[in-house]
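User: Could you take a close look at the strands here and how they pair up? I'd like one connected walk-through, with whatever packs against them.

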Amino acid sequence: MAYQRQREEGAALGAASDLHRRFFGRAPDRVERARLETPRVLVELGELRALVYRATRDGRPRQYVHFFERPPRLLADAHGRQLVIAGGRYRVTRRGIEG
């Protein structure tokens, strides 16, 4: 069982490195495991119609705006301190967020 989990984590780390390379056009400085806990109780706030983010790509920090064609849902934990994006139809590529 532990061997299977190590294989899955190794594959996920490789996939994360590949995604970073496609998105930023370079290998990541590091890839790390994180323990994230998704709240079990969520409140639906609505559709996430657009996303604005800042990233440094090709050595230049830039602001990006993405409008979703098929929007994911935006949810919050019961205390209103954590947001969760669920569903939708999009993918992260070299060109940014598509879909």
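**Strand pairing and the core**

Analyst: Let's start with β1 and strand β4 (residues 73-77), which pair in the antiparallel sense over five bridges. Keep in mind that this is a predicted model. Zoom out a bit and you get an open sheet of three strands, ordered β1-β4-β5 with antiparallel pairing. β1 (42-47) and β5 (83-86) are the edge strands, each pairing on one side only. From one strand to the next, the twist averages 30 degrees.

Then there's the hairpin. β2 and strand β3 (residues 60-67) run antiparallel and are joined by eight bridges. Here A50 has F67 as its bridge partner in β3. Two residues sit between the strands of this hairpin, and D58 takes a positive phi near 55 degrees.

F24 and A55 both belong to the largest nonpolar core, eight residues in all, with F23, L48, Y53, Y64, F68 and I97 making up the rest. The elements giving two or more residues to this core are α1 and β2 (50-57). As a rule, nonpolar side chains in soluble globular proteins tend to be buried together.

Back along the helix, S17 is also part of α1 (residues 2-24). S17 counts as buried because its relative accessibility is 18%, with the cut-off being under 20%. Beyond its neighbours within four places in sequence, S17 is in contact with P28 and V31.

Terms used:
Residues numbered from 1 in each chain as written. Predicted model: local features only at pLDDT ≥ 70, side-chain atom pairs only at ≥ 80, totals over all residues. Heavy atoms only, no water. Helix = DSSP H or I, 4+ residues; strand = E, 2+ residues; numbered from the N terminus. Buried < 20%, exposed > 50% of the residue type's maximum accessible area, 1.4 Å probe, protein only. Contact = heavy atoms within 4.5 Å. Core = buried A, V, L, I, M, F, W, Y, C linked by side-chain atoms within 4.5 Å. Pairing = 2+ DSSP bridges. Axes fitted to C-alpha atoms, helices over the stretch in contact; angles between N-to-C directions.
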